[in-house]
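Hello,

I am handing over the structure for your set-up work. Please open it first, then read on for what was found.

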Amino acid sequence: MRTARWSSYVVALLITAAIFATALYASDYFNNRRIAEIQATQSSISIDILSLETQFDLLAEHSCQDISENSVLSSEIQPVGQRLAYLETQSNVDQAQLTELKRYYSLLEIKDYLLMRQVTAKCGLKPVFILYFYSNKGDCKDCEEQGYALTGLSETYPQLRVYSFDYNLDLSALQTLIDIHDVKNQPPALIINGKTYYGLHTMADIKKILPQLATLKTATSTATTTKK
Amino acid sequence: MSMTGVTYAFLFISLYFEVFLLVAFLERRFVRVSRQRTPVDEATLPTVAVVVPCFNEEITVAGTVRSLLALRYPEEKIEFILVDDGSTDGTLSTLEQFRNDSRVRIFTKENGGKHTAMNLGLENTNAELIGCLDADSVVEPDALLHIAPVFENRLISAVTPCIFVKEPETILQHLQNVEYRLSIFNRFILAVIGSVFITPGPFSFFRAKVVRELGGWRFAHSTEDMEMALRMQHEGHLIANAPSAIVHTSTPRTLPALFRQRVRWTYGWLRNAVDYRHMVGNRKYGNLGLLVLPSALISIAAGIYFFSRIAFSSLISLRDEIIRIQFSGLYPHASFDLFYFNTSTMLFLVLVSVGLILALISAGSFIGTGSRRPPLSTPLFLLFYSFLVPLWLGAAVVRAVFKTGVSWR
């Protein structure tokens, strides 16, 4: 009978297990760093929003120019949203941690939305917000395409503010927002100028609904104004 | 089990096998890989017959026979049995050029396949050792002097050589050149752990007495070299490797030719594995039964699985990208944001696996050439070859399932 050297089997098993453990640890380490990076950005955004709110309260309409020029959304919140969307596709990310980040992100979006609504009202700006409700539970066949269309618009018009919300996220402030606008559980749903639209809307459809988009500065053009 | 679970299971098994081979190699590093031929006493050398089966090999066989005639070996102890296996081209007349050499004997017969040519050689020789040299291969002059002394160990019944790609020209041949370095390592280490399951056509040697006892070569699904090795292992014979016995073999120049060759090899391997299935997982056959045969079978399934998964994911990504462009009007642009760098466990494991394959290729280069430097085309091999292999693995599996048979050409 042939012999098998068991020590080789055990040593190979230990080394292979060590390689697997190292790979898991390394992947976990980098994912944690990503989460920490997002947490740091969100904290920074939170302070920025609070600062803008305070500044707005202090100076009222005199600060319109400053406020509109210093909007944090397009420059900081949007990339965080993209990063969260990327993390959702990664298998090794702690889902509980990710959900917490999404909750915090949604809260920041709502705060930014409310602040910008006040700014547009007080400063006489045309509202260029879109609230977008999606679902990633597998019950929204058009959400992926709708997301692409909104990304395309955001990239074309940096001043457009698109606030994306996971319809199923467990966040009381978000549920209140849904209730206020009476958004049905039929994602994708868009709220533009206070009106709710269901189903897939392409970039062209949205441009028709929101004609003031044409007056916004595009990513490649220069000066236009959102002022009435 | 989920798709991710299956992927990790295949990755674990693949990594485990690679690590096992490396551990075995490092544990037995005292097994010297010497390119220096130790002086041999010519009087003690065994008599040898080299059979050259030829079927329509008029272009390459002359070079093969010339390399045999240049072998350093006592003339009275060696004979070359050239068998024209019913060729329809000028093979026989090419062979006739060598009839005047006292060591050469020429036979011609109706076409019956390589195993029948080998058995004809076996019937017509009294030599102690019998070997084969495919008519598209050439040997280095000292090759036999590295092989014959290995048979001094009475337990050894067969010895395999070290095979290189002969004068690689096309990109595909350069890729095969790297693959053959990996095979040099595998052949060496599998011999060390008593698990050789192929005695390749180019210059493997056998004790003639053992081959007769075993009943000669069989058709064995067009892969008589695998079946003979499995039969020898089954009967408890040892198969060694002589890494300093250098052979250069012609390899397919084009993808269709390579595809046909590899489908035949894989088909033959699968059908022989079915015939010898009682050895798979059987500790009676040591490392061969416990690890090597199961891993070789699993590697076929893993290759097809990974290819299918990557192909499916690529198609999905392509579809998503088209939809993204269609709906956003944005074209993809390069992003260097470190945040989006792939740091998944899967990628780490794949990189480690590729690194281990590189180490095995380097070890194969060391065993075969004395230099650890892999061939220049190694990066191409690592990037692209694994996408070619599943093509013939898949075709061979389908043929094996439906038992369609395969042809040599």
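In which sense do strand β1 and strand β4 of chain B pair, and over how many bridges? This is a predicted model, so treat what follows accordingly. The pairing is parallel, with four bridges linking β1 (residues 48–54) to β4 (residues 129–132) in chain B. One contact point to look up: A49(B) has I130(B) in β4(B) as its bridge partner.

Now the whole sheet. These two strands belong to an open sheet of eight strands in chain B, with mixed pairing. The order is β3-β2-β1-β4-β7-β6-β8-β5. The edges are β3 (104–109) and β5 (137–139) of chain B. Each has a single partner strand, so one side of each lacks a neighbour in the sheet. On average, neighbouring strands of this sheet are turned by 30 degrees against each other, direction ignored.

Next, β6(B). Nine of its ten residues are buried, so the strand counts as mostly covered. Its pairing goes two ways:

- With β8(B), β6(B) pairs in the parallel sense over eight bridges. Here C162(B) stands opposite I246(B) in β8(B).
- With β7 (residues 205–207) of chain B, β6(B) pairs in the antiparallel sense over two bridges. Here V159(B) has F205(B) in β7(B) as its bridge partner.

Last, the helix. α6 (residues 171–192) of chain B lies across β6 (156–165) and β8 (238–249) of chain B. Relative to β6(B), helix α6 runs at about 155 degrees.

Best wishes

Note on methods:
Residues are numbered from 1 along each chain as its sequence is written. Chains are lettered from A and ligands numbered from 1 in the order in which they are written. This is a predicted model: local features need pLDDT of at least 70, side-chain atom pairs count only at pLDDT 80 or more; totals for chains, interfaces and linings use all residues. Two strands pair if DSSP finds at least two bridges between them. Axes are lines fitted to C-alpha atoms, for helices over the stretch in contact, and angles run from 0 to 180 degrees between N-to-C directions. Two residues are in contact if their C-beta atoms, placed from the backbone, lie within 7 Å. A residue is buried if 20 or more other C-beta atoms lie within 10 Å of its own, exposed if 12 or fewer, and partly exposed in between; C-beta atoms are placed from the backbone.
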